[in-house]
Amino acid sequence: MQERLKELQEEALQAVDAAADLKKLNDIRVSYLGKKGPITEVLKGMGKLSAEERPKMGALANEVRDLISSKIEEKQQALEAAAVEARLALETIDVTLPGRPVQTGNHHPLTRIVEEIEDLFIGMGYTVAEGPEVEKDYYNFEALNLPKSHPARDAQDSFYITEEILLRTQTSPVQARTMEKHGGKGPVKIICPGKVYRRDSDDATHSHQFMQIEGLVVDENIRMSDLKGTLELFAKKLFGEDREIRLRPSFFPFTEPSVEVDVSCFKCGGHGCNICKQTGWIEVLGSGMVHPNVLEMSGFDSKKYSGFAFGMGVERIAMLKYGIDDIRHFYTNDTRFIKQFKLN
Amino acid sequence: MFVSYKWLQEYVNLSGITPDELAEKITRSGIEVEGVEVLNEGLKGVVIGHVLEREQHPNADKLNKCLVDIGEENPVQIICGAPNVDKGQKVAVATVGAVLPGNFKIKKAKLRGEESNGMICSLSELGIDGKLVAKEFSEGIFVFPNDVTVGEDALEKLQRDDQILELGLTANRGDCLSMLGVAYEVAAILNREVKLPNPTVKPIAEKATDYISIKVEANEDNPLYVAKVIKNVKIAPSPLWMQGRLMAAGIRPHNNVVDITNYILLEYGQPLHAFDYDRFGSKEILVRRAKAGEKIVTLDAAERILTEDHLVITNGIEPVALAGVMGGANSEVQADTTTVLLESAYFKGETVRKASKDHGLRSEASSRFEKGVDPNRVRAAAERAAELLALYASGEVLEGEAVVDTLQIDPAVISITLEKINRVLGTDISIQEVKSIFTRLQFETSVDHETITVTVPTRRGDITIAEDLIEEVARLYGYDHLPSTLPSGSSTPGHLTAYQQKRRAVRRYLEGAGLYQALTYSLTSEEKATQFALEIREPIKLAMPMSEDRSHLRLSIIPQLLEVVKYNVARQNDRVALYEAGPVFLANGTEELPDEKERLAGAITGVWEQHQWQGEKKEVDFFVLKGILEGLFAKLGFEQKIEYRQAIVEGMHPGRTAEVYLAGEKIGFVGQLHPTLQKEYDLKETYVFELCLEAILSEEVAPLQYQSIPRYPSITRDIALVVEKEKVAGELESIIVEAGGKLLKDVHVFDLYEGEHMEPGKKSIAYSLKYFDPEKTLTDEEVTKVHDKVLTAVKEKAGAVLRG
């Protein structure tokens, strides 16, 4: 009997070893360990054994059974692992193939600049003011200290609709309107972006429609040094921390004193290059202390209040910042152009 | 204004300061120097030569063979093509080894077999703009006066050993349209003295007033008129140095008399005019407004028809000059002129500006009058001109002058406190510093404690109020020395308005959905102005458009976007998807400003989705664009209030266009461009939308409020409904929603079938309905009850039957 069990063990283990798949293995389990299997058959002959041998044989039979069972278990795990591996091998893909595209658009570069400037000044306590693009002569010129006879205004340069109505030539009328709304009470702190129009023929550096962004602060005790400090912050934020600014006296009818602002060249750092025409400086904006006539016309007491204003051409800033060579790109809207300004 | 560095030295000591340094200082103090031109840059080896012999080149009709003394041991042979070269002339010779502009090196050469050792030069060959060369030399070489010495540097003789500062003058600094004005400015910057010319004239006994009288009928336009008479003038070229200075300043030399008037214009900033006394036509100057329709032929030979807006100088009968702009041909100084009637006057800027504009004539004179000349220089300039006419035209100056003077000269007297100066600038300047700045400017001052009173010279007409004085202080103190501070005072919260915030959100959403932002022109053609307009009014037309294409303000953005789409498609830019947010302009009659309404428009065409190696490709269609809009409305929180109604919109495909309604109000449309228009624009299927941006941004939405997450499962039932083909999905859906009541949480279409297995004229739409009760788990019976209601409703209201 003992021999028979050993034989069975040997036979079963060989079969387990040879089993190629899980089904075979299961058949082996059933045929050897099942109720009708040979081990059970052998054990049926136990009755014929002596009381001494019986437990020994029982133990041996269990040993054989356990061994076969554990070998089957082992084999099963091995087969299962192999099956998983086979499946994974089958599922392998070429990860270097391109992904499914997610298509997104983006801002126009001018919007990008405008929002950047808006956000900077919002952080400094400004709000964003807007006004009409078709404007009264009064707000576009007269309220800004440009009476009808002023040499700096020329009907040839403006798109008039009637004698009193025109396409605004600057965003400054928004300043006049906002001050008027404040009814002589400060503080006023606004930033005004918008489209403006001039009677220019379109070429690489001129556009009959373009964008400006202006800032205005009116309060008691606003000093020219405040203007300087504000513009220094602005220049560093927009053009880089290493930038310096230079103020030059200038003339605008709506400011006195007036200031033209240069930024140290952001391409060459001030050594001189083709962008800054070898001067190391780039003119970026005009500004000044609000002219007392402008304050008074908008209802502010110029003895009590003072203010500063600054303004710049958005296209110019974008052209300088991104090295764009032709202003017409902004209005042609070639997607190959707009796409280059992805990151918002 | 072109300022000669050498000439300026006559008035201000510039020692120790190079032209470039001077330019930088001027720029930093308020007048932008736009460039410094070295007149003889890249030029060398040009000397005065004397043409000893000239004969026809043996082998070339148009060439001359010249023997020229250039101050060396032997004269040299030079072949010259200029038609005016001749024996005896003193000329500019670029000798062998010389360099001319453009790095043109002069070498020994053989021209048609004849040796040439240099080149006889025209002025343009020496780098002078041909427009500035006196007429007689414009077609050939320049001939020097006989008193120049052979072998001398020809460029020096022509005043080309100089540098020119080009001033970019702002409208307020008309005072620097003169050498004297620039001298005052530079002297103030450098803190040096100004030396003024001191004309001395020895008049003859005859009196000017015996020759001419003046009557001014328009005193407001012409409050001061001075006339001098100079006799026995000999018309000739002006001295070489004067010609050189004029050319360097951008003025073409003519003859001594005209050149002297121009020279004074440059020196004093006072325009003068010289009439030929014998051609003047009378002994009386009458200054008056022109009569309507009156005519004058000006010096440029153009006939000008005048109006009552224009001021003219007349001889009592007819105009002889358009005041302050240009003289008349009838009284022009000519080669035979012997007596000069010299005008120096103060004309009102506005009057001159009007005439100059009406006649499209911007002269050196008019631009100075427009900006305002110094009334105190009118007489001095006439005196200085008389001096030069005596010196360089051998004229005899008559005693005195004829004058009409009604001009009140009140120099501005302005008081300002030190406190105010420092308060505006944010500085801590002392009263001494302020006073010294005004002294440098040669402004008279008096100081009383901390108040300074300044008398502004008449040459600085731009200074009228205290703030102007502050600017003078600031610019000479140096903007660099201003401290940097930030506004103090009450703090203000910086923010965007809700509208502005939402507008940014809309832009970001559309970009996230795949659209690029475009920016197009507001001006368009009359035809395109009203196309696709959501609201049509008479388009607004410019009074003076620059072209037909940009003559009217747009009422819709779509036509502009279609141009952009067309442009991109023509350049094979794939997936063209654009949007623009901006105003359109709705007229309110001619008196009022138009209503500016912000619109949101978009256009898409071409392939929408492409996954190349998987072979998937999806062209744009109506539902792509509609999906984008649905997403937008959902983002803004009112998708439930939106409705799409099939509509006919001009320019749009009649079967593929929907009008969009928000809470029952029409806010725009979406659909396919009409195939005819598509063809016109060379486009394939193109879909567009335009919405009232203000309507969607202003729509009130409930404030954000947390809704609890469902704790009970939902039950989904799918149904396929067979309906008449004409039945629209939107209608079925509303019926379902209404019948489903509050247990029906969601309904959506998941299939549409119109194929061969359907009865003709029918279609099948499949809906998935989701039922849910937030309070409990729904039982099958409860769902069936509601679901049956839905089925009954669609059957009764839309004739829909369940597909078997």
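How many cavities of 30 Å³ or more does the structure hold?

Guide: The model is predicted. The structure holds 4 cavities of 30 Å³ or more.

The largest cavity has a volume of about 160 Å³. Its lining is made of 17 residues, and the closest to the cavity centre are A:S302, A:Y305, A:S306, B:V424 and B:E467. By class, the lining of the largest cavity holds 7 nonpolar, 4 polar and 6 charged residues.

The second largest cavity has a volume of about 100 Å³. It is lined by residues of chain B: B:G174, B:D175, B:S178, B:Y268, B:G269, B:R368, B:G372, B:V373, B:D374, B:R377 and B:R459. Of these lining residues, 2 are nonpolar, 4 are polar and 5 are charged. Domain 1 (2-39 + 163-190) and domain 3 (204-405) of chain B each contribute at least three residues to the lining of the second largest cavity.

Next come the open spaces, with the second largest pocket as the example. This pocket has a volume of about 1800 Å³. It is lined by 38 residues, of which B:K626, B:Y644, B:A729, B:G730 and B:E733 are the closest to the pocket centre. Six elements of chain B each supply at least two residues of the lining: the helices α17 (622-636) and α20 (729-740), and the strands β36 (642-646), β37 (652-662), β41 (744-753) and β42 (762-771). The element that gives the most to this lining is β41(B), with 7 residues. In the lining of the second largest pocket, 15 residues are nonpolar, 8 are polar and 15 are charged. The pocket lies between domain 5 (498-698) and domain 6 (715-802) of chain B, because both domains give residues to its lining.

On the chain B side 93 residues are in contact with 94 residues of chain A. The size of an interface is often given as the accessible area lost when the parts come together. Between chain B and chain A the buried area is about 7800 Å², and carbon and sulfur atoms give 54% of that area. The count of salt bridges between the two chains is 9. A salt bridge also joins B:R503 to A:E130, with the closest N and O atoms 2.9 Å apart.

Over all chains, the structure holds 80 salt bridges. One within chain A pairs the side chains of A:R4 and A:E7, at 3.3 Å from N to O. A:R4 and A:E7 are 3 residues apart in helix α1 (residues 2-18) of chain A, so about one helical turn separates them.

Conventions. Residues numbered from 1 in each chain as written. Chains lettered and ligands numbered in written order. Predicted model: local features only at pLDDT ≥ 70, side-chain atom pairs only at ≥ 80, totals over all residues. Heavy atoms only, no water. 1 Å grid on protein atoms, 1.4 Å probe; cavity = no way out; pocket = protein on both sides within 12 Å on 5 of 7 lines; lining within 4 Å. Points joined across faces, edges and corners; volume = space filled by probe spheres on them. Nonpolar A, V, L, I, M, F, W, Y, C, P; charged D, E, K, R; others polar. Domains from an automatic or database assignment. Helix = DSSP H or I, 4+ residues; strand = E, 2+ residues; numbered from the N terminus. Contact = heavy atoms within 4.5 Å. Buried area = accessible area lost by both parts, 1.4 Å probe. Salt bridge = Lys/Arg side-chain N within 4 Å of Asp/Glu carboxyl O.
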